[in-house]
Amino acid sequence: MAARRISSLLSSSATSLGRFSSWGRRIKSFSTAAAAAIGEPIHPSIQIDHTQLLINGQFVDAASGKSFPTVDPRTGDVIARVAEGDLEDVNRAVAAARKAFDEGPWPKMTAYERSRIMLRFADLLEKHTEEVAKLETWDNGKPYEQAAKIEIPMVVRMFRYYAGWADKIHGFTVPADGQHHVQTLHEPYGVCGLIIPWNFPLLLYSWKVGPALACGNTVVLKTAEQTPLSAIYVSKLFHEAGLPPGVLNVVSGFGPTAGAALSSHMDVNKLSFTGSTATGKIVLALAAKSNLKPVTLELGGKSPFIVCKDADVDKAVELAHSALFFNQGQCCCAGSRTLVHESVYDEFVEKAKARALKRVVGDPFKMGIEQGPQIDNEQFKKILKYIRSGIESGATLESGGEQFGSKGYYIQPTVFSNVQDDMLIAKDEIFGPVQSISKFKDLEEVVQRANASSYGLAAGVFTQNIETANTLTRALRVGTVWINCYDIFDAAVPFGGFKMSGQGREKGIYGLSSYLQVKAVVTPLKNPAWL
């Protein structure tokens, strides 16, 4: 499959907001544009029919009868109330998944038949792209064009990719010293607990559910409390495709209750979590303290985007802009440390500032919008706090820095220059539309600074010199290095981090190993014709 470049998605012909001589004038211009750009929010033409838990193939209320609101980030208004699962609901879901694995048809049916069910689901999902994209945008705030044209097709592709793997999973025959026949079996773990984040709900759904089911496991999925709607909807489609009851169970709820119950459950055989490093530590500890279940973790990042002295500055500016601001900056692998060679630094900063001022912010349901609101009020306030920290620590605010408009969780595209490595905006994962630009002198320096982070998820390198590219590729301690590109997420390309950015890999053939355990079978041979 040709690689789908998320970062190239929304080219805009929006009128430039221009350059302004003072920060105050920039803020005024942003605010005036905001009032005109956002206006009254567009109401998506979709009815929300399912807000319950999905357990054993049936939609059911939470055992407690509780529900919680899921909120439109454009306005802060409640979209719907969703069933709030907790310990008792997780127990019910795990029991259903356990029965489906131990007694049901899923692990016992042929791999080819599992593949056919996954392919039918992918076809249904493709057919319902418009509805699913509307739910994703409404609940998350990401641009509808991004959801409909990029993300949902990637989800479809991911399920087709892993459907293709289902009947190609096998062990090996191993030559042994002596008269023994040795073979390995690659077996499913059993019940997998999958915890997905709010920034890419369905993409991460596909990264986890796809390989887990292809390998013959059953699943209990916990959605993020901020974005439960799309996973519930598509899981209904999965059952319409012929998925047996109990194979895929969905529990919406909060981390300290539902998430903790799933992570510490004694009858869950495998965990996979995507989210913050702080929460990942908690998940890992709960898994260890319970039944020592293996855990795949895809966690935070503070990824360097390195612009070398030979770079085409105009192209580098556009790519660095996309690497940071895509998805409102809410990307674990965002290129959030922009490191620019001193010979092109001043030109880069001016052009990065101009590009940020041109970025089109507004209602994500409008065509041509590049940036919607942040996910919720908590994230909104956190980002603004980091912006204030950048100003107070002495970084130069080149653009943005404030709320965009007066309603919802919109933030102006923000660019800082003269950022020093000891500043919080250079060290912490902000998870928002804040670009931090620093200067470097040579490769030795930039390698040392790029690696001087507790994170190691990804990096971008922009150069026309193959020797420079090769040097940086091998020197950077990260799970992915993109050379003269960024955010390439092909289904076959593995993704995961070094250091505190996680453990294990998702996607591609490497993603299968997360959901399989290896068994060695040794049988004596009597008078073998050959060894």
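**Reading strands, cores and helix packing**

Student: Which residue of strand 13 is the bridge partner of Pro304?

Tutor: The bridge partner of Pro304 in strand 13 is Arg337. Strands (E, at least two residues) and helices (H or I, at least four) are DSSP runs, numbered from the N terminus. The model is predicted, so local features need pLDDT of at least 70 and side-chain atom pairs count only at pLDDT 80 or more, while totals for chains, interfaces and linings use all residues. Residues are numbered from 1 along each chain as its sequence is written, and side-chain values use heavy atoms, with hydrogens and water left out.

Student: How many bridges join strand 12 to strand 13?

Tutor: Strands of a sheet pair through backbone hydrogen bonds, either parallel or antiparallel. Two strands count as paired if DSSP finds at least two bridges between them. Here, four bridges join strand 12 to strand 13 (residues 337-341), and the two run parallel. Strand 12 also pairs in the parallel sense with strand 18 (residues 458-462), over three bridges; there, Phe305 has Gly460 as its bridge partner.

Student: Which residues point one way from strand 12, and which the other way?

Tutor: Pro304 and Ile306 point one way, Phe305 and Val307 the other, and all are buried. Buried means under 20% relative accessible area, exposed over 50%, and partly exposed in between (1.4 Å probe, protein chains only).

Student: Which residues touch the most other members of the largest nonpolar core?

Tutor: A nonpolar core is a set of buried Ala, Val, Leu, Ile, Met, Phe, Trp, Tyr and Cys residues joined through side-chain atoms within 4.5 Å. In the largest one, of 104 residues, they are Tyr205, Phe238 and Phe348. Helix 5 (residues 144-165) gives the most to this core, with 13 residues. Beyond its neighbours within four places in sequence, Phe348 is in contact with residues including Val307, Thr338 and Ile437; contact means heavy atoms within 4.5 Å.

Student: At what angle do the axes of helix 5 and helix 6 cross?

Tutor: Two packed helices are described by the angle between their axes and the distance between the axes. Axes are lines fitted to C-alpha atoms, for helices over the stretch in contact, and angles run from 0 to 180 degrees between N-to-C directions. The axes of helix 5 and helix 6 (residues 201-214) cross at roughly 10° and come within 9 Å. That makes helix 5 roughly parallel to helix 6. Angles under 35 degrees count as roughly parallel, over 145 as roughly antiparallel, 65 to 115 as roughly perpendicular and the rest as oblique. Among the residues making this contact are Phe159 of helix 5 and Tyr205 of helix 6.
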